[in-house]
Amino acid sequence: MVTALADDIWWYDLTGVNATLVDDDGALTLVDTGLPWHGNALIAGLSDAGYELRDLDRILLTHFDFDHVGGLSAFDGIDVTIYVGERDAPLVTGEQAPPLGNHKGAFQRLVSPFLDAPDNDVVPLADGDTVGSFTVYDTPGHTPGHVCYVSEDHSLGLLGDLVREDSGRSEPSPWLVSYDTDAVARSIRDFAERAPRFELAVPGHGVPFEEGGSAKLSKLAATL
Ligand SMILES: [Zn+2]
């Protein structure tokens with residue numbers, strides 16, 4: 001099931017992790033793909049929103065993690081392009097393995113046998129790149145290649161695991177699941193400073209903020 005957040009934006013609540021569907025001026029865009037067993041829910045959500053699988057044009061990933069790239073294999077053989085921050089891209093394609101020397105990398109290495117490299121083209125993104133109406137913001141820390149996406153057209157910020165929502169508040173990605181929490185704090189401050197205003201904000205975990213998304217991030221940034 002998906003929940004409409006706006007005329008052209010739908011939220012997937014995939015039991016514990018979020019994905020987002022955006023009709024970006026005709027280019028149907030899925031943001032993040034949940035866990036490996038979420039493929040069917042992702043495809044069902046497309047039809048809940050009034051689309052078919054073949055309507056899907058692109059997948060934007062906020063980062064390489066088991067619970068955000070897991071559903072990618074559901075789109076093998078479908079003509080979609082996958083976009084991901086350049087430092088996480090070689091992990092998505094399987095060209096690189098996560099580093100064992102970092103606690104988070106070691107965990108990623110442990111679960112990587114459950115992930116298949118996707119068939120589709122994977123396009124690496126750099127800070128400031130645009131995909132449709134979305135601008136890419138490098139926000140390393142949770143993972144080295146973590147990015148957020150902002151669409152001014154939709155007044156939408158896709159925050160991935162830079163922050164998570166808890167009881168109506170946004171919180172930085174915690175140590176246990178982050179490569180580097182100092183980098184997370186720097187990224188929140190940097191993103192809050194550079195990103196344009198947006199109302200709707202969808203974090204990777206928790207309930208989306210339907211109003212004042214960028215203002216909430218600025219408030220959090222001021223405490224870090
Ligand atoms: Zn996550």
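**Exercises on a sheet and a zinc site**

In this predicted model, five strands form an open sheet of mixed pairing, ordered E8-E9-E10-E11-E14. Strand E8 (130–131) and strand E14 (200–203) are the edge strands, each pairing on one side only.

**Exercise 1.** Identify the protein donors of the zinc ion and classify the site.

*Solution.* The donors are Asp67 (OD), His68 (NE2), Asp161 (OD) and His205 (NE2), at 2.0 to 2.5 Å from the zinc ion. Their spacing in sequence is D-H-x92-D-x43-H. One pair among them links distant parts of the chain: His68 lies in helix H2 (residues 66–69), and Asp161 lies 93 residues apart from it, in the loop between E11 and strand E12 (163–166). For the classification, a tetrahedral site needs all angles between 85 and 135 degrees. The four donor atoms here give angles of 83 to 164 degrees, and the site is irregular.

**Exercise 2.** Decide whether His68 and Asp161 are buried or exposed.

*Solution.* The cut-off for buried is under 20% relative accessible area. His68 has 0% relative accessibility and therefore counts as buried. Asp161 has a relative accessible area of 4%, so Asp161 is buried.

Definitions and conventions. Residues are numbered from 1 along each chain as its sequence is written. This is a predicted model: local features need pLDDT of at least 70, side-chain atom pairs count only at pLDDT 80 or more; totals for chains, interfaces and linings use all residues. Side-chain values use heavy atoms; hydrogens and water are left out. Two strands pair if DSSP finds at least two bridges between them. Helices (H or I, at least four residues) and strands (E, at least two) are DSSP runs, numbered from the N terminus. Donors are N, O and S atoms within 2.8 Å of the metal (3.2 Å for Na, K and Ca); water is not among the atoms, so sites may look incomplete. Four donors count as tetrahedral if all angles lie between 85 and 135 degrees; four count as square planar and six as octahedral if opposite donors are over 155 degrees apart and all others between 65 and 115; anything else is irregular. Buried means under 20% relative accessible area, exposed over 50%, partly exposed in between (1.4 Å probe, protein chains only).
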